[in-house]
Amino acid sequence: MAEPDFYLSEEQRELQRALREFVGKEIAPIAAACDAEERYPLEIFSKLGGLGYLGLRFPEDVGGSGGTCLDYAILCEELAFGSAGIALGIYVHMALACAALEAFGTETMKETWLPPALRGEKIGAWAFAEAGAGSDAGSIATRAVADGDDFVLNGSKLFITNGPIADFLIVVASTEPEQRLKGLSLFLVERDRPGFKVAGSLSKLGVRASEMAELVFEDCRVPRENLIGRENRGFLDSLRTLTLGRIASAAFATGVARAAFEATLDYAGKRKQFGQPIGSFQAVRFGIADMAVQIEASRLLCHRAAIAADQGLPHGREANMAKLFATEACTKIVERALHFHGAAGFMSESPIQRFYRDCKVFELGEGSSELQRDMIAREIGL
Ligand SMILES: Cc1cc2nc3c(=O)[nH]c(=O)nc-3n(C[C@H](O)[C@H](O)[C@H](O)COP(=O)(O)OP(=O)(O)OC[C@H]3O[C@@H](n4cnc5c(N)ncnc54)[C@H](O)[C@@H]3O)c2cc1C
């Protein structure tokens, strides 16, 4: 039988092997404690940065390590296998904050922020959502008003991952309110900028190792040089370019699903009822077989989107399909995993209950399932 990922290159297999070792040594042992304490292990940034993993897909002249989108998908799956919460903090930093700087930032921004960020010495956040603006980005109310050589920001952001720990933020603000989506710009805001404050940390159901905050901007003055990309078009440009987020979501979901699957496979072989392992009962065997198929389908869709991106082919539809399928499959797989663990999976010390709390967020972030279906329907001609 061929290895399921026989199409990976030798280098990609080596990357996968090295990441599995890293996650087994550095992430898996602390995942439960970070979840329980709602604490991000900051040292993971510098450890991943020191090994060049944070620089994956970034060019070498800004401190990156090069590599492909497929390499990045492998990284995301392995990190999420160890801890979805820890993976989320890394994702926001790499795929949103650093990627926006790299794609649209000025040379000065790139030189100042990217090398330390890719070494894991500076942490980034992506501040888009607000109390009144989630799926509907056009209703963003945070205002950035031009004043001489500056912009003055006023408003607040909600649900911002890395908010409590970030050194720099990419803030989406309205520069032309009546234009809604076509009036949104991106700004770099440094943590110590007067008028910016972290209003308070937020507690969550899942991905609890990642830290989240509400952010407030009160007459926060940023120089025009902090505008990222085109005025009024920065956010729309980033939507078109930053498709990595959906590929990453699919990979995260595959990682969490695989963790739940491997635990269930092991448990079904060990747990005996009626004098035999529960894995010998057809209902359980079929359930676990379905999990295996769904995980491989998720990974294939995800890798297809990543390979299309690497080949410079259009891949928006592929990324949307991968994200939709893998995230919904993950929720189903984790639910079955909990079911087959019985009461043992329901206990606080079981990793299964953590996967159960973690998985749902992938269906909500980076475009909820409804928005994904809407985009796919449009992309297939409806
Ligand atoms: C763990 C976590 C981390 C996050 N991190 C960040 C972050 O770092 N930065 C950031 O900016 N934001 C972050 N967010 C917020 C995220 O961006 C929003 O959750 C997302 O944009 C969805 O918005 P909402 O939650 O307000 O849901 P809403 O947009 O209010 O949607 C609620 C429900 O309505 C449905 N719905 C909405 N519009 C439609 C439609 N047109 N058709 C059909 N159904 C629709 C949705 O599918 C959903 O089921 C995070 C959220 C979570 C949970």
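Colleague: What makes Lys 157 count as buried?

Modeller: Lys 157 has 26 other C-beta atoms within 10 Å. A residue is buried if 20 or more other C-beta atoms lie within 10 Å of its own, exposed if 12 or fewer, and partly exposed in between, with C-beta atoms placed from the backbone. Lys 157 is therefore buried. The model is a predicted one, in which local features need pLDDT of at least 70 and side-chain atom pairs count only at pLDDT 80 or more, whereas totals for chains, interfaces and linings use all residues. Residues are numbered from 1 along each chain as its sequence is written.

Colleague: Where does Lys 157 lie, and which residues does Lys 157 touch?

Modeller: Lys 157 belongs to strand S3, residues 150-161; helices (H or I, at least four residues) and strands (E, at least two) are DSSP runs, numbered from the N terminus. Leaving aside residues up to four places away in sequence, Lys 157 touches Ala 127, Ala 129, Glu 130, Thr 142, Glu 214 and Leu 215. Contact here means that the C-beta atoms, placed from the backbone, lie within 7 Å.

Colleague: How do you know whether Glu 366 is buried or exposed?

Modeller: Glu 366 has 26 other C-beta atoms within 10 Å, so Glu 366 is buried. Its place is the loop between helix H11 (361-364) and helix H12 (369-379). Glu 366, although not a glycine, has a positive phi of about 55°.

Colleague: Why does Ile 307 count as partly exposed?

Modeller: Ile 307, in helix H8 (residues 282-310), has 17 C-beta neighbours inside 10 Å and therefore counts as partly exposed.

Colleague: Why are H7 and H9 called roughly parallel?

Modeller: Helix H7 (residues 244-270) and helix H9 (residues 316-346) pack at an angle of about 20°, their axes being 8 Å apart. Axes are lines fitted to C-alpha atoms, for helices over the stretch in contact, and angles run from 0 to 180 degrees between N-to-C directions. Angles under 35 degrees count as roughly parallel, over 145 as roughly antiparallel, 65 to 115 as roughly perpendicular and the rest as oblique. H7 and H9 are therefore roughly parallel to each other.

Colleague: How do H9 and H12 pack?

Modeller: The angle between H9 and H12 is about 145°, and their axes are 9 Å apart. Among the residues that meet are Met 321 and Leu 324 in H9 and Met 375 and Ile 376 in H12.

Colleague: What makes the chain as compact as a globular protein of that length?

Modeller: The chain has twelve helices and ten strands. Its radius of gyration is 21 Å, close to the 21 Å that the globule rule gives for 382 residues, so the chain is as compact as a globular protein of that length. The radius is taken over C-alpha atoms, and the rule is 2.2 Å times the number of residues to the power 0.38. Buried residues make up 49% of the 382 residues.

How values were computed:
Contact = placed C-beta atoms within 7 Å.
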